[in-house]
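I opened my notebook to look around a structure that was new to me. Here is what I looked up, entry by entry.

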Amino acid sequence: MNKQDIKNIKQLLATPKKIIIVPHKNPDGDAIGSTLGLYHYLLKHKHQAKVITPNDYPNFLKWIPGETSILKYDSQTKECDDLIDNADVIFTLDFNALHRTGHMETILEKNDAIKILIDHHQEPHDYAQYVFSDVSMSSTCQMIYHFIDMLGDLSLIDETIATCLYVGIMTDTGSFRFSSTSSTTHRIIADLIEKGANNADIHNHIYDTNSYQRLQLLGCALNNLKVIPEYRTAYISLSQEELNKYNFKKGDTEGVVNYGLSLDNVVLAAIFIEDKQEGIIKISLRSKGNFSVNALSRSHFDGGGHINAAGGRSELSLDDTIKKFISILPSYSNALNYE
Ligand code: 5GP
Ligand code: MN
């Protein structure tokens with residue numbers, strides 16, 4: 001995003017506009033934090049803003065300021081279509097390609113509102129008039145902070161906006177431990193705390209609201225953990241039957257893949273989660289160092305993401321998906337062993 005872009009956006013936002021803000025399907029902490037952070041900022045400039053998510057999100061995000069105003073496209077389609085059709089500006093946050101919004105893809109694609117993309121995933125598609133893409137960023141929430149800064153409005157960040165942005169920086173950096181956490185990230189976090197974000201409360205809301213069944217499910221996942229030492233790889237599987245047994249709810253498996261990566265000498269971790277309703281196996285991949293799970297997922301599992309965190313899917317059975325995964329490891333032998 002160059003100076004001219006910023007100037008144009010400033011001019012565009014100088015008078016009240018109808019604005020829609022959209023994150024990716026199955027939104028996570030960064031998706032909800034960044035859309036709501038931007039939403040509250042735009043309200044301060046008297047815009048008519050609305051966050052529309054493609055579908056629902058986990059309960060541990062259902063306390064973030066402004067969350068109850070969010071519309072969900074899959075259950076409120078007509079209302080959302082009308083708003084999108086009438087929008088002057090559409091912000092797309094925390095994703096790199098319109099198909100990442102699931103069923104919203106068609107209406108977003110044909111819509112002629114001015115689109116502004118803000119995202120930190122690899123290889124952004126070319127659909128927006130204004131693109132703020134930076135794969136080195138810890139999170140889209142950090143980018144919203146920079147965006148507000150570029151517009152000269154840091155002083156408008158209050159406790160509400162600070163809380164939203166803190167959420168996504170915290171969740172996307174694994175609580176400030178991933179390598180994407182820079183000194184700038186910490187400076188921004190310090191500023192957000194000064195502006196009123198309550199770090200202990202936020203952490204508590206996100207991480208310390210487990211149900212007993214969620215912990216039982218985690219126990220089941222850890223029991224299923226397998227290690228392949230020659231490829232420094234660990235993987236976990238969860239069948240639909242196991243998910244049902246522990247009354248699985250959206251978000252219950254979030255972060256579980258990281259346990260595989262916490263093993264000494266493991267640089268690649270995967271989790272395979274059966275979803276009988278969608279007829280797919282949802283895959284999450286994590287890595288350490290230079291091993292790119294973005295590349296692996298793009299090549300074999302119809303997905304993508306970042307170098308060290310990516311998602312994908314498979315239409316094979318759970319067993320066959322795992323067999324496929326194991327069968328491709330030899331082709332990555334060098335990269336895995338010299339990482
Ligand atoms: P997760 O494993 O937590 O679902 O996703 C890890 C990262 O990869 C997130 O940043 C997520 O946005 C991204 N991601 C997940 N699934 C996909 C996918 O199917 N395609 C792409 N391009 N990115 C994905
Ligand atoms: Mn993100």
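Entry 1: Helices here are DSSP runs of H or I with at least four residues, strands are runs of E with at least two, and both are numbered from the N terminus.

**Entry 2: ground rules.** I am working with a predicted model, where local features need pLDDT of at least 70 and side-chain atom pairs count only at pLDDT 80 or more, while totals for chains, interfaces and linings use all residues. Residues are numbered from 1 along each chain as its sequence is written, chains are lettered from A and ligands numbered from 1 in the order in which they are written, and side-chain values use heavy atoms, with hydrogens and water left out.

**Entry 3: buried or exposed?** I checked Asp94, and at 1% relative accessibility it counts as buried. Buried means under 20% relative accessible area, exposed over 50%, and partly exposed in between (1.4 Å probe, protein chains only). Of the 339 residues of the protein, 52% count as buried.

**Entry 4: ligand 1.** I looked for residues around ligand 1 (a heavy atom within 4 Å) and found, among them, Arg100, Ser284 and His306. Next I looked up distances from an oxygen atom of ligand 1 to a side-chain N or O atom: I noted 2.7 Å for His121, 2.9 Å for Arg286 and 3.4 Å for Lys282. The elements giving two or more residues to this shell are β10 (280-287), β11 (304-305) and β12 (309-314).

**Entry 5: the whole protein.** I counted 14 helices and 12 strands. The C-alpha atoms fill a box of roughly 60 × 45 × 40 Å, taken along the principal axes.

Key:
A polar contact is a pair of N or O atoms within 3.5 Å; within protein, one must be able to donate a hydrogen and the other to accept it, and residues adjacent in sequence count only if both atoms are side-chain atoms.
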